[in-house]
Amino acid sequence: RIMGLFRSAPKPLSKEEAEAQKLRSVQAAFEGKRNVTRVGQSYVMEIDVQSEDPKKAARIANEIADAYIDDALQAKYEETRRANVWLQERLKDLRTELAAQQQAIVAFRQKNNITYVDTSGGKSPIDTPGKLMNEQQLSEINSQFILAQAATAQAKARYDQIQDVIKQDVPDASITDALNDAVIVRLRSQYLDLAARVGIYAQKYGDSHLSVIALRTQMREIEHAIKDEMQKIAQSYKNEYEIALAREQSLRKSLDAATSQSLITNQAQIQLQELESKAQTSRTLHDNFLQHYMETIQQQSFPITEARLVGFADAPLSKTYPKTSLVLLLAGAGGLALSFGIAALREMLDRVFRSSEQVQEELQTDCLAMLPLVKTDNNSNSGAGDSDDPVPSGAPLGLRKQPMLEIVLEQPFSQFSEALRTVKVASDLGSILKTKKVQGIISTLPSEGKSTVSANYAQLIAHGGSRAVLIDADLRNPTLSALLGYEGPGLIDVLAGWQTIEEAFLVDSRSGLRFLPSGRRSNMPHTNEILASDAMKNLIAKLHEAYDYIIVDLPPLIPVVDARASTAFIDSYIFVVQWGATKIDVARHALSAAPELYERLLGVVVNKVDTSAVRRYERYRHSYYYEKYHGRYSGIHAPQDSDGKKKTGAAV
């Protein structure tokens with residue numbers, strides 16, 4: 001009803017549409033009052049119906065059970081009938097498809113000349129009957145080729161051997177060792193006999209004797225006969241070698257042809273295997289469908305439902321739903337758990353600095369002070385004033401009114417000023433052996449109040465009687481110079497030698513603070529080199545001689561690296577974080593990335609603290625007692641009547 005108040009007026013409906021909408025509404029209400037659940041791990045389903053009339057609830061539950069059983073029986077019959085019709089059509093398609101695939105296998109074998117050795121043993125045409133015929137032929141040719149290679153090698157060895165013997169031209173040396181030929185053996189024996197007789201006759205009658213000459217003539221004739229016989233044997237061996245080589249080459253060609261045909265057949269056999277696989281799948285699918293078809297025929301003749309009525313519903317004797325006390329208990333517990341869950345989620349997601357203890361635990365350094373959020377007339381911590389006129393060189397610092405830069409002068413007894421005094425005391429104690437102090441003010445990101453803290457900290461020191469200098473060293477985004485609208489010479493001009501320090505100083509007449517602005521702003525990409533230059537070191541050393549405190553407003557750590565270049569002349573650093581805004585992980589990463597800066601870190605100042613909310617985060621609520629008793633020592637108190645009651649108003 002409540003949601004209906006915000007809906008637009010419904011469009012007019014026809015009679016049929018109105019009846020349909022009414023029926024849908026009744027069905028929705030019916031479904032909301034009906035619940036079917038499983039009883040334990042059994043197959044029993046329990047039907048629950050909610051109604052204000054107990055008898056009506058029982059009657060509806062029983063009718064639901066009857067309707068379900070009747071519907072299941074009818075659905076079973078219709079399902080079986082439709083399955084039979086579909087299975088008949090499907091079996092017909094499968095038979096046609098299987099026959100076509102078997103015919104395709106036979107045609108593919110004939111087309112690609114794929115013939116198997118007859119080892120099928122009565123298998124079907126789509127089964128692989130055995131080994132391919134071309135593979136058997138390839139195996140036989142390969143065996144013959146191996147034997148031919150061996151025969152060729154043997155013939156070539158004999159031919160090479162006879163050639164070596166012929167080249168030796170020593171008929172009486174190693175002929176019988178190389179060749180086992182009867183003619184050559186006989187001729188060699190005769191040659192050796194004649195050679196022996198020549199030796200004897202030559203020794204007895206001399207080399208010129210006719211008998212010696214005749215014997216040597218016979219030896220030459222035998223030697224020629226041996227050579228002729230050797231040539232005949234060599235020609236015979238050559239013929240045998242050429243015949244073996246020709247047979248080997250013929251078998252090689254046959255082997256190459258058989259190999260090529262085998263590769264073609266193997267490639268075709270891959271497609272054949274795919275066809276056979278499809279046919280086998282179709283056959284299996286056909287058999288399965290045939291089996292299901294026979295089963296559905298039996299089921300159609302005698303359909304059996306899988307559900308039966310276990311027990312009838314009875315009208316309840318008392319109200320069963322809803323249980324008011326249980327609903328209230330669960331709602332209360334759920335609301336409490338949800339509230340704690342949301343609180344825990346907010347706590348986990350709130351990864352910012354909220355308390356001084358958190359600063360010490362996360363950054364492992366001291367929390368020097370927690371500066372409260374201060375609202376001035378223009379309600380701005382970093383914005384410029386109304387005037388756009390530039391401040392001339394050597395002019396007082398306060399020509400362009402900026403309340404946020406003079407909080408310690410306008411409100412010397414405020415919590416903000418007192419917290420900055422705590423920072424100065426910590427600085428003096430931390431550097432007690434040094435009479436001159438150079439301190440850098442840094443932050444993680446812009447807009448965390450670093451420049452405001454720098455200006456008020458320097459004003460506090462100068463107003464206390466110490467000689468102090470404030471330097472705007474944020475050369476890329478000079479916030480202090482921009483707040484004053486100053487566009488004259490400054491730090492850059494002094495480092496370049498274009499101006500002296502006295503000409504570039506801006507002096508505050510109230511505190512005596514000397515302010516050195518950044519100078520004319522320009523797009524300088526290497527500002528870190530300027531801060532790390534010898535000119536900057538010499539400037540700080542010169543200021544050391546005339547001033548007690550040198551406060552340097554440095555750029556933030558994350559956007560630029562200029563602050564890390566200042567370690568050559570900075571004694572200590574004060575790290576400014578914004579309460580409730582600065583991410584803990586970002587601050588921790590910034591300090592861990594600059595270890596040389598972290599070693600000189602004096603402490604952390606938490607800026608823009610919401611004093612009304614910080615009590616929820618401080619462990620010992622010291623901020624509460626600070627605010628309660630701070631007025632007694634700040635020069636501001638409320639006068640009391642003689643009865644001890646406070647009067648209205650305040651006195652200073």
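Predicted model: local features only at pLDDT ≥ 70, side-chain atom pairs only at ≥ 80, totals over all residues.

Select P555 and show what surrounds it: leaving aside neighbours within four places in sequence, P555 is in contact with I442, K450, A473, D474, V560, D562 and A563. Contact means heavy atoms within 4.5 Å. P555 is found in the loop between strand 8 and strand 9 (572-578). Helices (H or I, at least four residues) and strands (E, at least two) are DSSP runs, numbered from the N terminus. With a relative accessible area of 1%, P555 is buried, a word that means under 20% relative accessible area, with exposed over 50% and partly exposed in between (1.4 Å probe, protein chains only).

Residues are numbered from 1 along each chain as its sequence is written, and side-chain values use heavy atoms, with hydrogens and water left out.

Next, select Q358, in helix 9 (residues 356-363). Is Q358 buried or exposed? Its relative accessible area is 18%, so Q358 is buried. Beyond its neighbours within four places in sequence, Q358 is in contact with V352, F353 and I584.

Then select R354 and W579. The charged end of R354 sits over the ring of W579, 4.8 Å from its centre (for this, NZ of Lys or CZ of Arg must be within 6 Å of the ring centre and within 35 degrees of the ring normal). Another such place is R38, which lies over the face of Y43 at 5.7 Å from the ring centre.

Move to F505 and Y547, both buried. Rings of Phe, Tyr and Trp (its six-membered ring) pair if their centres lie within 6.5 Å; planes under 30 degrees apart count as stacked, over 60 as edge-to-face and the rest as tilted. By this rule there is one aromatic pair. The ring centres of F505 and Y547 are 6.1 Å apart and their planes are at 80 degrees, so the pair is edge-to-face. F505 lies in the loop between helix 15 (501-504) and strand 6 (506-507), and Y547 in the loop between helix 17 (534-546) and strand 8 (549-553), so the pair ties together parts that are 42 residues apart in sequence.
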